[in-house]
Amino acid sequence: MGRPTKGKRISKIPQYQKFYGENKFQEKIVLLVEEYETIRLIDYLGYSQEECAKEMHIARTSVQSLYSDARRKLARFLIEGIGLVISGGNYQLKEFTNKENNKGDGKMIIAVTYDNGNVGQHFGKTEFFKIYNVEGKNISSQKVIDTDGNGHGALAGYLKKLNVEILICGGLGGGARNALAESGIKIYPGAIGNADRQVEAFLEGNLDYNADIACNHHNHEDGHSCGHNHK
């Protein structure tokens, strides 16, 4: 008897699992849960295939196969009008062991994309975060950490492991927004200038930010500021 294959790690069971097409006379397409997870991570949250493989604890070649099969099934669903069900597969549900922050005690953890003392302007490409532990309206401690090789969508999970609740940053894309929202991290994009001063402004209720700021990571040139129009 062969060894059983280890289940792919997924973060959550799909909230919506049945989709009805107009063609009611054909058998429904079955999208495996681990195939769905590659779509969620890569297409929805903006992970690279390498980051997806790391998150699911599988080889990149396995991700490529799952992702290709999932895209093919979704194409049939859209073009042929066949119903689709997300069910079955070989997976393990990820266990979250992070301690919940004690809400109501006035404590929070704030992260800022960090670039040589200032707020980094490209969330997905940031190499450092500055982490601030806050009690009430006072900063109790602060430190600069590197991103440990994570990038783009995986950064949200990295911040979640640090129990970050607030992110102050420059520009960020839609995938990063989705990933941060899923991680329960509130974002304040469009900030610019000295990182420490931005955190102090946030604590005083005076942070200058732009909730609608976006960042297109393609064709960036030196000095590009992701659409900022600060004076």
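Which residues lie nearest the centre of the second largest pocket?

A: Quick ground rules: this is a predicted model, where local features need pLDDT of at least 70, side-chain atom pairs count only at pLDDT 80 or more, and totals for chains, interfaces and linings use all residues. Numbering runs from 1 along each chain as its sequence is written, and side-chain values use heavy atoms, with hydrogens and water left out.

Nearest the centre are Pro-14, Tyr-16, Phe-19, Tyr-36 and Ile-86, out of 17 lining residues. A pocket here is an open set of points on a 1 Å grid over the protein atoms alone, where a 1.4 Å probe fits, with protein on both sides within 12 Å along at least five of seven lines; lining residues have an atom within 4 Å of a point. The second largest pocket holds about 340 Å³ of space, the volume being what probe spheres set on the points fill, with points joined across faces, edges and corners. Two or more lining residues each come from α1 (33-44), α3 (60-80) and β4 (84-86); these are DSSP runs numbered from the N terminus, helices being H or I of at least four residues and strands E of at least two.

Helix α1 gives the largest share of that lining, five residues. Within α1, Arg-40 and Glu-37 sit three residues apart, about one turn of the helix. Their side chains form a salt bridge at 3.0 Å, N to O (a Lys or Arg side-chain nitrogen within 4 Å of an Asp or Glu carboxyl oxygen). The structure has eight salt bridges.
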